[in-house]
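Let's take a friendly walk through a protein model. Keep the sequence and the 3D view open as you read.

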Amino acid sequence: MSSSPVARRAHLLLSLLLCGAGALGFLPSCHGAAEETPGYVTVSAASFKPSSICSAPDPAAAPHQQNGTSAVLRLTHRHGPCAPSRASSLAAPAPSVADTLRADQRRAEYILRRVSGAGAEPQLLGSSKASASVPASWGYDIGTLNYVVTASLGTPGVAQTLEVDTGSDLSWVQCKPCADGSSCYSQKDPLFDPSQSSSYAAVPCGGSTCAALGMYASGCSASQCGYVVSYGDGSNTTGAYSSDTLTLSPTDAVQGFLFGCGHAQTGLFTGIDGLLGLGRLQVSLVGQTAAAYGGSFSYCLPTKPSTTGYLALGSGGGGAAAKGFATTQLLPSPSGPTYYIVMLTGISVGGQSLSVPPSAFAGGTVVDTGTVVTRLPPSAYAALRAAFRSGVAPYGYPPAPPNGILDTCYNFAGYGTVTLPTIALTFSSGATMTLGADGILSFGCLAFAPSGSDGGMAILGNVQQRSFEVRIDGTSVGFKPSSC
């Protein structure tokens with residue numbers, strides 16, 4: 001049973017009187033006293049700062065291994081302490097926070113436009129028990145806080161560092177030759193050279209495979225099927241639709257994997273070799289491997305660049321309804337067939353439910369690894385912001401200026417610990433995600449922003465998904481906390 005707001009506020013004020021000097025650095029902090037407050041979480045202020053030490057576990061001992069999992073690869077943030085030793089001199093610096101948030105806003109607006117329009121019914125995927133997994137890690141380099149995996153393409157295999165995106169379908173890599181000197185951006189690894197792969201084949205025009213590209217089709221050139229993909233942040237890629245062997249691990253290979261061999265790219269891709277599409281349509285990696293892995297997959301996004309997560313193909317024995325998962329229904333998405341959509345039904349702050357009309361959430365919520373900050377209907381965001389500011393106020397953290405789309409920011413300099421009201425998101429069927437501090441704050445700000453309108457679509461961003469295993473199959477989405 002949670003305490004009343006008045007009682008909780010009195011407790012917090014007493015904690016401040018007893019521990020305020022410690023918070024300012026004059027006395028040891030009263031960490032335990034703050035933690036005793038129901039609905040609040042206390043963390044070290046240092047946990048918000050980048051680490052220079054790689055704390056990722058050995059992949060062979062990673063806790064996310066499941067029954068049926070056949071491949072686990074350790075992957076890292078290119079600019080973090082776990083980065084591989086082969087880091088290229090062409091690596092680009094991480095974008096600024098302002099650039100990251102601008103790109104994130106473009107992507108969110110794009111998704112909201114797509115799901116509000118007309119489109120075809122999604123091609124849902126089949127079922128099987130086999131599985132394979134590929135770990136995931138931070139990927140600042142493409143202009144948003146997205147995540148990357150490393151897989152091998154071709155015969156012999158060539159390592160490719162690929163962004164993981166649940167909000168797109170078609171996978172692609174940069175390929176030789178580029179249309180001109182400026183058509184391919186600088187990337188970590190050498191460009192993929194299809195002429196050096198004995199298993200490579202361009203998809204010919206006129207056949208069913210080319211026709212199945214649908215909205216990604218881009219005519220023909222020299223009898224080769226062309227593709228084009230445009231992203232919400234303004235980036236795009238075009239080239240030859242192709243097939244080759246995609247190797248996820250020494251024991252897991254996808255023969256005849258269909259992907260885009262990109263000869264001209266523009267936008268915010270610098271530093272990655274391509275993209276791995278995990279969307280809901282048949283051309284995605286999930287769709288193409290449905291016969292082997294059942295059309296289900298899961299991922300765990302790491303909380304920091306100094307740790308790693310994973311991407312797993314297959315249910316691992318149990319699907320989204322497996323033990324430890326809070327499960328909600330996956331909704332049809334005729335207007336945005338690529339996206340995984342669930343129904344957000346409520347939000348609580350500090351253990352107290354917000355008063356938001358159910359109609360505000362009626363448009364559904366896209367589960368997206370490529371959007372950084374969660375977007376909420378305006379009335380829900382306003383209620384969340386007010387409750388969060390009220391919950392933080394007794395601690396006296398100095399406010400900081402707004403940061404782009406983030407309008408509730410704080411300066412934690414000089415504080416040994418930071419205490420925050422918890423935030424919990426509840427979905428249909430009662431599935432609830434109770435967020436840790438790393439899912440509440442980003443860049444020192446409340447990591448939420450308003451979407452277009454009440455009753456419209458919301459987006460569950462990757463900040464809020466950190467450390468959860470998110471498992472998706474043809475009918476449901478499951479959330480399991482503290483999984484990486």
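## A right-handed disulfide

The S-S bond of Cys210 and Cys225 has a torsion of about 85°, so this disulfide (a pair of cysteine sulfur atoms within 2.5 Å) is right-handed. The pair links distant parts of the chain, 15 residues apart: Cys210 sits in helix H4 and Cys225 in strand S9. Helices (H or I, at least four residues) and strands (E, at least two) are DSSP runs, numbered from the N terminus. Both Cys210 and Cys225 are buried, where buried means under 20% relative accessible area, exposed over 50% and partly exposed in between (1.4 Å probe, protein chains only).

## About the model

This is a predicted model: local features need pLDDT of at least 70, side-chain atom pairs count only at pLDDT 80 or more, and totals for chains, interfaces and linings use all residues. Residues are numbered from 1 along each chain as its sequence is written, and side-chain values use heavy atoms, leaving out hydrogens and water.

## Other disulfides

How many disulfides does the structure hold? There are six. One of them joins Cys205 and Cys220, with sulfur atoms 1.8 Å apart. At -135° about the S-S bond, this link is left-handed. Cys205 is partly exposed at 25%, while Cys220 is exposed at 52%.

Cys409 and Cys445 are also joined, S to S 2.1 Å. Their S-S torsion is about 100°, so this disulfide is right-handed. Cys409 lies in strand S22 and Cys445 in strand S27, 36 residues apart. Both Cys409 and Cys445 are buried.
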